[in-house]
Amino acid sequence: MPTGVHLQDARQQLFDAAERVLLRAGANGLTSRAVTDEAGCAKGVLHRHFADFDAFLTELVLDRAAAQLAPRAAELRQAAGTGGVVDNLTTALTALFGPIWVALIPLITFRDELRARLRAARPGGGTAILGEVTGAVGDYLTAERELGRIAADADIASLTLSLVGGGHLLFTEPGPPAPDAVARFVTSVLADVLRRRPH
């Protein structure tokens, strides 16, 4: 049996391979064989580093959350009071709903064992990870309201739900939306609270 190439950082290379498979073939195409084939290594390499495939997927989600989602959420929170509100949210939604997260959401949603392991690994599990997007948008809007850049009576919870829910739907369409389409969506959600802000 060929053992494939030697992997210097096997875990990270397997994660990167899984991301490529997920983006190309979707959640249904993400199997342990597809991952190891993509990484150019023997199937046993994955099982030397992870107890089973669900353990691998759990670590993949947590790795991508730490590497991509958390920094983007922090950047949005820090953007309050700078630039334009619509521009900030357009940039943030484009980053937060990047291709890998749009691909991971159905994986988390429909794989029961993965959800259970994420709950065991982190309070709230996959919902809490995805909740970082909601938390970041809500925190940002709250800060902008306090700074007077949106209306003082803005309903932050409703605006956040509209931006996150609608943004997710926008990014699940085939092909990523153009930046101007994201900006139009954000503008439509915020039009009233931006129009009524103090001048």
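Colleague: Which residues does the "transmembrane region" annotation cover, and what is the chain like there?

Modeller: UniProt, in an unreviewed entry, puts "transmembrane region" on residues 92–110. In this predicted model, that stretch is 89% helix and 0% strand, with its end C-alpha atoms 26 Å apart. The label itself comes from the record, and such annotations may be inferred rather than shown by experiment.

Colleague: And where does the record place the "DNA-binding region"?

Modeller: The unreviewed UniProt entry has that feature at residues 31–50. The chain there is 75% helix and 0% strand, and the end C-alpha atoms lie 14 Å apart.

Colleague: Why is the pair of phenylalanine 50 and phenylalanine 56 called edge-to-face?

Modeller: Two checks. By this rule there are five aromatic pairs in the count. In the pair of phenylalanine 50 and phenylalanine 56, the ring centres are 5.1 Å apart and the planes make 80 degrees. Centres within 6.5 Å make a pair and planes over 60 degrees apart count as edge-to-face, so these two rings qualify on both. Phe50 and Phe56 also belong to one aromatic cluster with Phe15 and Phe53.

Colleague: Are phenylalanine 50 and phenylalanine 56 buried or exposed?

Modeller: Both are buried, which means each has under 20% relative accessible area. Across the protein, buried residues make up 42% of the 199 residues.

Colleague: Which residues of α6 are buried, and what covers them?

Modeller: The buried ones are Ile100, Trp101, Val102, Ala103, Leu104, Ile105, Leu107 and Ile108. Their cover includes α1 (10–25), α4 (53–78), α5 (85–96), α7 (112–121), α8 (125–146) and α9. An element in contact has heavy atoms within 4.5 Å.

Colleague: What makes up the lining of the largest pocket?

Modeller: The pocket has a volume of about 270 Å³ and 14 lining residues, with Pro99, Val102, Phe171, Thr172 and Glu173 nearest its centre. Helices α6 (99–110) and α9 (156–172) each supply at least two of the lining residues, and α6 gives the largest share, five.

Colleague: How does that lining divide by residue type?

Modeller: Eight are nonpolar, five polar and one charged. Pro, Val and Phe count as nonpolar, Thr as polar and Glu as charged, so among the residues nearest the centre, Glu173 is charged and Thr172 polar.

Colleague: Last one: how many helices and strands are there?

Modeller: There are 10 helices and zero strands. Among contacts between residues at least 6 apart in sequence, 69% join residues at least 24 apart.

Conventions: Residues numbered from 1 in each chain as written. Predicted model: local features only at pLDDT ≥ 70, side-chain atom pairs only at ≥ 80, totals over all residues. Heavy atoms only, no water. 1 Å grid on protein atoms, 1.4 Å probe; cavity = no way out; pocket = protein on both sides within 12 Å on 5 of 7 lines; lining within 4 Å. Points joined across faces, edges and corners; volume = space filled by probe spheres on them. Helix = DSSP H or I, 4+ residues; strand = E, 2+ residues; numbered from the N terminus. Phe/Tyr/Trp six-rings, centres within 6.5 Å; stacked < 30°, edge-to-face > 60°. Buried < 20%, exposed > 50% of the residue type's maximum accessible area, 1.4 Å probe, protein only.
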